[in-house]
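Thanks, everyone. Let me put the model up, and then I'll walk through it.

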Amino acid sequence: MKNFLLNIPAAGRIILFFYRMIKTYKYVSGIVKHYVKWLFVSRETTNFIYELNKKNKNYLAALLANITGKSINEIIDYINEIESDQELINHFRMMISKSTESGKTDYNFKYGRRVGWYALVRILKPKIIIETGVDKGMGSCVLTSALIKNKSEGFEGYYYGTDINLKAGYLFDGIYKNHGEILYGDSIETLKKFDKKIDLFINDSDHSSEYEYQEYLTIKEKLSDNAVILGDNSHYSDKLYKFSIENGRQFLFFKEEPLNHWYPGAGIGISFKK
Ligand SMILES: C[S@@+](CC[C@H](N)C(=O)[O-])C[C@H]1O[C@@H](n2cnc3c(N)ncnc32)[C@H](O)[C@@H]1O
């Protein structure tokens, strides 16, 4: 390649440089535009908030339909249910405005891949959910709002979040807190002491691959027969895939496509039994 370029005269190399730039810029222009805008309007530094694009939501629904045997339309209805939940949006708005964290957070209530978590809770009606890694508590509220809806249909469930940060979970309050609690401390230490059967486990704490894998090993004997595990690290690590293969479980991965955002998207690793 180096020799090939050296054989082209200098003027030709400059023309080729701009030709290639013009031809390929369309692939990054959206990202650059959204990134520059975000730098000015957002206050986030981590755990970015965005919506999934419509095609991506449809693909998510199709994937969950395949896993659960439900119809794609039913799952799309659940996604619409959480995205149009005005009570939850009002709750977030109120909690952020009265929190000391308000200066660090955007008033942007989009749930990204968490709409998939929500739909699964609505379908599976789990009695016990664990989410490791709570951060502000957006996942906690999304998951417990699904439990509230399940309860209104006669299915009880309870949520446990774990977080090492004693300040984590400031959004998790009000009616949502009636359906769960946060267990503070190192996640693996908390999971070792956990003595209930887990129906839905969501890994989203320390994102090192080894820590993630240790979480799965720690809960292995605590899973109920048809438990589902969701990995929030699976776009980066293959530990949930590895755990699934080792334990006779199925594994699928859903890749996020954020709408109007520069972030390339994370995903959901899904480990389940057929
Ligand atoms: C990506 S955030 C979780 C996001 C959250 N699930 C949501 O839906 O927005 C990761 C969280 O894991 C917590 N964490 C990191 N290491 C941990 C550990 N060893 N034990 C428990 N929590 C941990 C961090 O304090 C942070 O709040």
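Domain bounds here come from an automatic or database domain assignment. This is a predicted model: local features need pLDDT of at least 70, side-chain atom pairs count only at pLDDT 80 or more, and totals for chains, interfaces and linings use all residues. Residues are numbered from 1 along each chain as its sequence is written.

So, the domains. Domain 1 covers 2–35, and domain 2 covers 42–272. Their centres, taken over C-alpha atoms, are separated by 41 Å.

Next, the sheet. A word on terms: helices (H or I, at least four residues) and strands (E, at least two) are DSSP runs, numbered from the N terminus. Two strands pair if DSSP finds at least two bridges between them. What is the strand order of the open sheet? Seven strands run 3-2-1-4-5-7-6, and the pairing is mixed. Strand 3 (180–184) and strand 6 (250–255) are the edges, each pairing on one side only. On average, neighbouring strands are turned by 15° against each other, direction ignored. For angles, axes are lines fitted to C-alpha atoms, for helices over the stretch in contact, and values run from 0 to 180 degrees between N-to-C directions. Strand 5 (residues 223–231) pairs with strand 7 (residues 267–272) in the antiparallel sense, over three bridges. There, isoleucine 229 has serine 271 of strand 7 as its bridge partner.

Now the helices on that sheet. Contact means C-beta atoms, placed from the backbone, within 7 Å. Helix 7 lies across strands 1, 4, 5, 6 and 7, and runs at about 175° to strand 4. Helix 12 lies across strands 5, 6 and 7, at about 10° to strand 7.

Take helix 4 (residues 54–68) with helix 7 (residues 114–124): the axes come within 11 Å and cross at roughly 30°. The crossing is right-handed, that is, the near helix is turned clockwise from the far one by less than a right angle. Lys57, Leu60, Leu64 and Thr68 of helix 4 meet Val115, Gly116, Ala119, Leu120 and Ile123 of helix 7. By class, that contact has six nonpolar, two polar and one charged residues. The classes: Ala, Val, Leu, Ile, Met, Phe, Trp, Tyr, Cys and Pro are nonpolar, Asp, Glu, Lys and Arg charged, and the others, Gly among them, polar.

Helix 11 (residues 209–219) packs on helix 12 (residues 239–246) at about 35°, axes 9 Å apart. That crossing is right-handed too. Ser209, Glu212, Tyr213 and Tyr216 face Lys239, Leu240 and Phe243.

Last, the ligand. Near means a C-beta atom, placed from the backbone, within 6 Å. Which of the 18 residues around the ligand come nearest? Gly133, Asp135, Gly139, Ser187 and Asp206. Helix 8 (138–152) and strand 2 (158–163) each give two or more residues to the shell. By class, the shell has four nonpolar, seven polar and seven charged residues.

Notes: Contact = placed C-beta atoms within 7 Å.
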